[in-house]
Amino acid sequence: MSTDGQPHILAIGGGTFVPNDRYGLSPSPLLRYALDLTGQDRPRVCFLPTALGDGAEHIARGYAALSTLDAEVSHLALFPMPNIADMRSHLLSQDLIYVFGGSVANLLALWRLHGLDRILREAWEQGVVLAGQSAGALCWHVGGNTDSFGPELRPLTDGLGFLPYSCGVHYDSEPQRRPLLQRSVAEGTLPAGYAADEGVGLHYVGTELVQAISYRAEGRAYRVRPDGEGAVEETVIEPRMLAGA
């Protein structure tokens with residue numbers, strides 16, 4: 001839980017983890033930033049691999065990567081049944097909840113089925129830091145675009161809506177992302193919002209974007225909003241470079 005008691009969300013466009021020959025994946029400076037937001041010397045971190053179908057290999061990789069941090073790590077899986085009896089108590093006792101990428105549509109359906117949408121809002125309002133990459137970034141917003149339904153991206157408009165914006169992820173690495181988000185915002189399918197390149201995170205306090213952060217010199221964030229003439233205005237947000245980048 002953040003020591004300042006405020007609700008924090010770190011929405012990451014991509015690049016939470018970087019390849020590592022020994023562990024498979026290592027935390028990037030973005031994840032270390034999320035840990036720092038808790039203000040705890042040894043934070044309690046729970047990761048949710050729902051968007052990856054709670055696959056055993058993904059859970060193992062999550063533990064391997066997060067074990068390199070000075071943190072008390074756990075996970076919450078929903079397949080074949082919840083692995084934690086009292087999900088609410090467990091999540092409310094955490095300092096950081098991290099959500100892996102994958103299928104945001106499946107993630108939202110399962111969370112709602114199990115009541116996690118309500119629990120996560122309660123956790124956020126009580127100061128538990130929420131973070132995630134790709135699907136784990138998009139889910140906190142009103143919507144964005146997703147490959148949950150196939151290789152051709154489609155708009156998703158039923159996110160949790162903790163943040164009243166659209167969200168663009170993998171903005172500089174997947175060619176369908178930018179034009180679809182711009183078109184969706186221009187047409188009013190999605191509200192105005194923010195987008196992040198690979199290696200870039202969007203840090204919100206409450207519902208206000210306070211800064212973008214990055215460990216890539218070329219990484220950028222963007223404000224995307226209608227221009228009033230049927231198109232969009234896209235404004236570059238220069239991120240703060242993180243130590244260890």
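Two strands are taken to pair if DSSP finds at least two bridges between them. Helices (H or I, at least four residues) and strands (E, at least two) are DSSP runs, numbered from the N terminus. The structure is a predicted model, in which local features need pLDDT of at least 70 and side-chain atom pairs count only at pLDDT 80 or more, while totals for chains, interfaces and linings use all residues. Residues are numbered from 1 along each chain as its sequence is written, and side-chain values use heavy atoms, with hydrogens and water left out.

Strand β8 (residues 141–146) and β10 run parallel and are joined by 3 bridges; here G143 has S166 of β10 as its bridge partner. Strand β11 (residues 193–196) also runs parallel to β10, again with 3 bridges, and C167 stands opposite Y194 in β11. Strand β10 itself, spanning residues 163–168, is mostly covered, with 5 of its 6 residues buried (under 20% relative accessible area, 1.4 Å probe, protein chains only).

Stepping back to the whole protein, the secondary structure comprises 7 helices and 16 strands. Of its 245 residues, 56% count as buried. Along the principal axes, the C-alpha atoms fill a box of roughly 50 × 40 × 35 Å. Among contacts (heavy atoms within 4.5 Å) with a separation of 6 or more, 68% link residues 24 or more positions apart.

Methods
Buried < 20%, exposed > 50% of the residue type's maximum accessible area, 1.4 Å probe, protein only.
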